[in-house]
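Please open the model in your viewer and get your selection tool ready.

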Amino acid sequence: MGSKNKLKRFKENETFNNVIQPEREDALAGNFPLKGNWRTGFFKNNNPVVLELGCGKGEYSVGLAQHYPDKNFIGVDIKGARFWRGAKTAVEQGLTNVAFLRTQIEIIDAFFAEGEVDEIWITFPDPQIKYKRTKHRMTNSEFLQRYKKILNTKGVVNLKTDSEFMHGYTLGLLHGEGHEVLYANHNVYRNEGAPEEVTGIKTFYEQYYLEQGKPITYIKFKIR
């Protein structure tokens, strides 16, 4: 993507009422006003709050918002030029139950209060296969503890990926640390009992993977 295109998207993001772009320093200092107030302060309802972490273009966040109007969805990513697409689509479709937060996942607990989040989705993250990149895997122990802080006691995490490595790594970690695996499948589209929210929404690249015959894996779990 050219720099002119990026600048154009950054500017357009500033006009969208569904895009929040806080200053990192303010959030770390405890000065983010929506922390603990997403339902009443932003969405103006008391519906469940669901995050998609590393939302990319925002396709899944928008898809979930379309399917579940009684829930509030927040796509989180540091790359605003990417989620511009999802934000724009949501504006064009008049979806008021989806927003986009521009920040790093490693400081996610600066933006949400303890127990404020009902569910987390992690869709097609970079598996960070090299050992030295372990700290960047979105299901490593440190990230899980950050998620635990903001999830309520019934909160769950969903991992959907085309990476068998990421699937296996996460399952091993979950079992090793005593977390509760609620559902796991190595090829979710071949399992008749797969949850509708997993198979009913497909991103552009997911559709491409499926056409190539690549299996899509899925895990649903609770952090202990």
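Start by selecting Lys6, Lys57, Lys79 and Arg82, which form a patch of positive charge on the surface. Patch members have over 30% relative accessible area and no salt bridge, with like charges joined within 9 Å; Lys and Arg count as positive, placed at NZ of Lys and CZ of Arg. This is a predicted model, where local features need pLDDT of at least 70, side-chain atom pairs count only at pLDDT 80 or more, and totals for chains, interfaces and linings use all residues. Residues are numbered from 1 along each chain as its sequence is written, and side-chain values use heavy atoms, leaving out hydrogens and water.

Zoom in on lysine 79, in the loop between β3 (72-77) and α5 (80-93). Its relative accessibility is 42%, so lysine 79 counts as partly exposed (buried is under 20%, exposed over 50%, partly exposed in between; 1.4 Å probe, protein chains only).

Now for the salt bridges (a side-chain nitrogen of Lys or Arg within 4 Å of a carboxyl oxygen of Asp or Glu): the whole structure holds nine. Pick arginine 39 and aspartate 118, whose closest N and O atoms are 2.5 Å apart. Helix α3 (residues 38-43) carries arginine 39 and strand β5 (residues 117-123) carries aspartate 118, so the pair ties together parts 79 residues apart in sequence. Arginine 39 is buried at 17%, while aspartate 118 is partly exposed at 22%.

Next, select glutamate 206 and lysine 160, joined by a salt bridge at 2.8 Å, N to O. Both glutamate 206 and lysine 160 are buried.

Finish at Asp109, Arg146 and Lys149, linked in a salt-bridge network.

How values were computed
Patch = residues over 30% accessible without salt bridge, like charges linked within 9 Å, V, L, I, M, F, W, Y side chains within 5 Å. Areas by Shrake-Rupley, 256 points an atom, 1.4 Å probe, with all protein chains shown as cover. Helix = DSSP H or I, 4+ residues; strand = E, 2+ residues; numbered from the N terminus.
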